[in-house]
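Subject: Structure for you to look at

Dear colleague,

I am passing on the structure we talked about, together with some notes on what was found in it. Please keep the view open while you read, and look up each residue as you come to it.

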Amino acid sequence: MARPDLIAIGAYKPWDIEAMESDYTLHRIPEASGLAGLAQELRGRVRALAYQGHKGFGGAEMDLLPELGVVANYGVGYDAIDVAAASARGIKVTNTPDVLNDDVADLAVALLLAQGRRIVQGSEWVRSGQWAARGEMVLNRKISGGRAGILGLGRIGREIADRLAGFKMDIHYWARSEKETPGWTYHADPVSLAGAVDYLIVALVGGAATRGFVSREVIGALGPGGVIVNISRGSTVDEAALLDALESGAIAGAGLDVFLNEPNIDPRFLKLDNVVLQPHQGSGTVDTRKAMGQLQRDNIAAFLAGRALLTPVN
Ligand code: 8YV
C-alpha cells in the first residue's frame with residue numbers, strides 16, 4: 001500500500017525528518033508560501049500537514065489543500081494557525097502541550113536570575129579582563145524572597161510558580177479565574193497584580209485575545225524596582241510601552257525570550273543594559289524538541305488511522 005503523503009512546513013531537525021520519512025512520503029517546504037509551488041495533484045490528495053513556525057497559516061493556505069484533515073503544530077502555542085478557519089473547513093488542529101513545560105519554566109527562572117544577578121555582564125567582566133584590572137563588579141540584586149507575579153497560571157505558569165516558591169518567593173498570580181493553589185494570592189486585575197510584585201512573569205497564551213495584555217498601565221504599575229520576564233509571545237506585551245519604560249527607568253529591567261517581529265527585533269532593545277535577551281529558545285533543548293516532534297507525529301498517525309487525537313485544539 002502506498003504510504004500516505006505528509007507535507008512538513010518548517011526547519012526540522014534530522015531526527016524528525018528521518019522519522020517522518022520512515023512513515024510517510026514526505027514533502028518538505030520551509031514556509032507556507034511554498035505550498036502553491038507544490039504539484040496540484042499532491043495538493044489535491046494530501047490529508048496531513050506538520051507545521052512549524054510563527055508565520056500565519058490561515059484559510060488561504062488551507063484552501064490550497066482541499067483534502068486536508070489535520071494541521072499538527074510543532075509547539076504548544078498555535079496562534080500562528082487560524083483555528084476558526086480550520087474548524088470551518090472541518091480541519092483538526094493539534095499542538096504539543098506539557099512536554100515543554102519544564103524547559104520553558106526553567107528559562108523563565110534563568111532570565112530572572114540572569115537579569116537580577118547580571119550574569120551576562122559578570123561573564124563579560126571576567127572575559128574582558130576587568131576583574132583582574134578593576135576588581136569586584138558592581139553589586140547586584142537579591143532575588144530569593146522577592147514577590148513574584150505570574151500572569152497566566154496555565155501549565156507553564158504553574159511550573160514557574162512552583163520553581164519560584166522554591167526561591168522563597170511570595171507568589172501572586174492573575175488568571176481568568178481563581179485556581180486551587182498552595183496559598184498564592186489571586187488578582188482579578190493585571191494592574192493590581194503588577195502593583196503587588198517585584199517580578200512580573202508573563203506566561204499567557206498568544207493570539208488576538210491577549211494582544212497587548214501587558215499594557216502601558218500594567219507596566220507602569222510595576223514601578224521602578226520592577227522586572228518583566230516574558231517567555232510567552234511578544235504580542236502579549238505592549239512592546240513600545242515596555243521599551244519606553246526600560247529606557248526611562250520606569251521599570252528596572254526585563255528578561256525576554258520573545259518579541260514582536262522575531263527574529264528582527266526592535267533595535268532599541270540592543271542598546272539597553274538592563275535587559276537579558278534570548279532568541280525564542282524556551283523549548284530549545286534536544287530532549288524537549290524530540291518529545292515535541294514525537295507528539296506532533298503521534299497526532300498525525302492517530303488522525304490518519306482514524307483514532308482519537310492525543311492533543312487536539314479544536
Ligand atoms: C516553538 C513555542 O514552537 O511551543 C511554543 O509555543 O513557541 C516554541 O516551542 C519553537 O520555537 C519551534 O518553532
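Ile7 stands opposite His27 in strand S2, and this pair belongs to the five bridges that join strand S1 (residues 5-9) to S2, the two strands running parallel. Strands, like helices, are DSSP runs numbered from the N terminus, with at least two residues (E) for a strand and at least four (H or I) for a helix, and two strands count as paired if DSSP finds at least two bridges between them.

Before going on, please note that this is a predicted model, in which local features need pLDDT of at least 70 and side-chain atom pairs count only at pLDDT 80 or more, while totals for chains, interfaces and linings use all residues. Residues are numbered from 1 along each chain as its sequence is written, and side-chain values use heavy atoms, with hydrogens and water left out.

S1 and S2 are part of an open sheet of five strands with parallel pairing, in the order S2-S1-S3-S4-S5. Its edge strands, each of which pairs on one side only, are S2 (25-29) and S5 (92-94). From one strand to the next the twist averages 20 degrees, where axes are lines fitted to C-alpha atoms (for helices over the stretch in contact) and angles run from 0 to 180 degrees between N-to-C directions. In the loop between S5 and helix H5 (101-116) you will find Asp98, whose phi is near 70 degrees, a positive value in a residue other than glycine.

A further open sheet, also with parallel pairing, has seven strands in the order S8-S7-S6-S9-S10-S11-S12. Here strand S8 (185-187) and strand S12 (275-277) are the edge strands, each pairing on one side only. Within this sheet, four bridges join S10 (residues 227-230) to S11 (residues 253-256), which run parallel, and Asn230 has Leu256 as its bridge partner in S11. The loop between S11 and S12 holds Pro263, and the peptide bond from Glu262 to Pro263 is cis, with omega near -5 degrees.

Which residues surround the ligand? They are Gln52, His54, Tyr74, Gly75, Val76, Gly77, Leu100, Arg233, His280, Ser283, Arg289 and Met292, a residue being counted if one of its heavy atoms lies within 4 Å of the molecule. This shell divides into four nonpolar, six polar and two charged residues, where Ala, Val, Leu, Ile, Met, Phe, Trp, Tyr, Cys and Pro count as nonpolar, Asp, Glu, Lys and Arg as charged, and the others, Gly among them, as polar. A backbone N or O atom of Val76 lies 2.8 Å from an oxygen atom of the ligand, and a polar side-chain atom of Arg233 is likewise 2.8 Å from a ligand oxygen atom. Taken alone the ligand exposes 330 Å², of which the protein buries 89%, the areas coming from the Shrake-Rupley method with a 1.4 Å probe.

How values were computed: A polar contact is a pair of N or O atoms within 3.5 Å; within protein, one must be able to donate a hydrogen and the other to accept it, and residues adjacent in sequence count only if both atoms are side-chain atoms.
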